[in-house]
Amino acid sequence: MSRLIEHDSVKAARILDSARELVLEHGVRKVTIAEIAAAAGVGKGTVYLYWETKEDLLVGLAAREVLAWIATINNQIAQDPQSILPRRLAPLLIRTTLGNPWLRWLMSNDSALRQLLHRPADQERFAEATTSAMGIAVVTILRDHGIVRDDLPLSRQMYALHAVLVGFSTVMNDADVAGPLSIDEPETALADTVSLLLERPRDPAERDVAKAAEAVRARFAEIHDNLLGLVAAGAAGTR
């Protein structure tokens with residue numbers, strides 16, 4: 001599937017926009033096709049021209065949000081390979097995620113999404129696109145290229161990194177959580193923390209960074225293409 005259906009259909013784009021807003025407001029369980037159609041100004045039958053079930057529509061919507069997130073990260077790495085350094089990558093990931101209300105919702109309601117993934121192939125595609133799975137893939141690549149420390153087990157590094165990212169995401173998303181500890185530049189504090197956790201004492205050579213960046217982009221591109229396959233599988237008339 002080289003193009004998403006909304007690129008060629010104004011109605012499909014309107015349906016997706018309406019579904020996006022309704023899910024944010026009511027959650028996946030309470031939203032109906034009838035409500036989505038009414039919000040988009042189309043008939044229920046028009047929705048079914050593009051998606052066979054509500055589940056297909058909502059899974060496709062979630063996939064689109066992740067696709068856009070991956071594209072943003074990959075474009076930044078392409079422009080500046082140094083972006084893969086943990087002290088730069090961690091703030092980029094959180095900034096990109098917190099800037100998207102749907103992704104914030106998805107992170108806190110991933111169990112609701114999993115209930116929609118009935119096809120095993122869909123489960124596999126989304127599993128590799130989770131933040132934890134992509135984090136493991138990236139850190140493994142960086143370890144292989146000598147960008148980050150390898151004197152600790154990968155499992156311990158990932159557990160600590162996950163805890164750091166979840167904690168910073170929480171306080172950066174809600175200033176009340178930080179309370180009197182709020183600071184003006186939380187991304188700088190995040191960069192310092194991640195650098196101490198993962199990075200080596202000396203900066204890596206540019207050629208090593210470039211090779212690692214190419215490998216990271218290739219992995220993200222693979223995940224991107226697999227999610228496009230998921231979107232195609234959910235389109236009406238494709239099964």
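Guide: In the largest nonpolar core, which has 68 residues, Ile15 and Leu57 touch the most other members. Helix H4, residues 54-79, supplies the largest share of this core, 12 residues. The model is predicted, so local features need pLDDT of at least 70 and side-chain atom pairs count only at pLDDT 80 or more, while totals for chains, interfaces and linings use all residues. Residues are numbered from 1 along each chain as its sequence is written, and side-chain values use heavy atoms, with hydrogens and water left out.

Visitor: What makes a set of residues a nonpolar core, and which residues does isoleucine 15 touch?

Guide: The members are buried Ala, Val, Leu, Ile, Met, Phe, Trp, Tyr and Cys residues joined through side-chain atoms within 4.5 Å. Isoleucine 15 touches Ile36, Ala40, Val42, Thr46, Val47, Tyr50, Trp51 and Leu57, residues up to four places away in sequence not being counted; a contact here is a pair of heavy atoms within 4.5 Å.

Visitor: Is leucine 58 buried or exposed, and how do you know?

Guide: The relative accessible area of leucine 58 is 3%, and buried means under 20%, exposed over 50% and partly exposed in between, with a 1.4 Å probe and protein chains only; leucine 58 is therefore buried. Leucine 58 belongs to helix H4, helices being DSSP runs of H or I with at least four residues, numbered from the N terminus. Between the C-alpha atoms of leucine 58 and valine 28 there are 7.6 Å in space, and the two are 30 residues apart in sequence.

Visitor: Why are H1 and H4 called roughly perpendicular?

Guide: The axes of helix H1, residues 10-26, and H4 cross at roughly 90° and come within 10 Å, where an axis is a line fitted to C-alpha atoms over the stretch in contact and angles run from 0 to 180 degrees between N-to-C directions. Angles of 65 to 115 degrees count as roughly perpendicular, under 35 as roughly parallel, over 145 as roughly antiparallel and the rest as oblique, so H1 and H4 are roughly perpendicular to each other. Ile15, Leu16, Ala19, Arg20 and Val23 on the H1 side meet Leu57, Leu58, Leu61, Arg64 and Glu65 on the H4 side. By class, this contact of H1 with H4 has 7 nonpolar, no polar and 3 charged residues; Ala, Val, Leu, Ile, Met, Phe, Trp, Tyr, Cys and Pro count as nonpolar, Asp, Glu, Lys and Arg as charged, and the others, Gly among them, as polar.

Visitor: What makes H9 and H10 oblique to each other?

Guide: The axes of helix H9, residues 131-144, and H10 cross at roughly 125° and come within 11 Å, an angle for which H9 and H10 are therefore oblique. The H9 side of the contact is made by Ser132, Gly135, Ile136, Val139, Thr140 and Arg143, and the H10 side by Leu154, Gln157, Met158 and Leu161. The residues of this contact divide into 5 nonpolar, 4 polar and 1 charged.

Visitor: And why are H5 and H10 called oblique?

Guide: The axes of helix H5, residues 86-98, and helix H10, residues 154-173, cross at roughly 45° and come within 11 Å, and H5 and H10 are therefore oblique to each other. Ala90, Ile94 and Leu98 of H5 meet Leu165, Phe168, Ser169, Met172 and Asn173 of H10. That contact of H5 with H10 has 6 nonpolar, 2 polar and no charged residues.

Visitor: Why does threonine 96 count as buried, and why is serine 195 called partly exposed?

Guide: Threonine 96 has 18% relative accessibility and therefore counts as buried, whereas serine 195, with a relative accessible area of 22%, is partly exposed. Threonine 96 lies in helix H5, and serine 195 lies in helix H12, residues 186-198.

Conventions: Helices (H or I, at least four residues) and strands (E, at least two) are DSSP runs, numbered from the N terminus.
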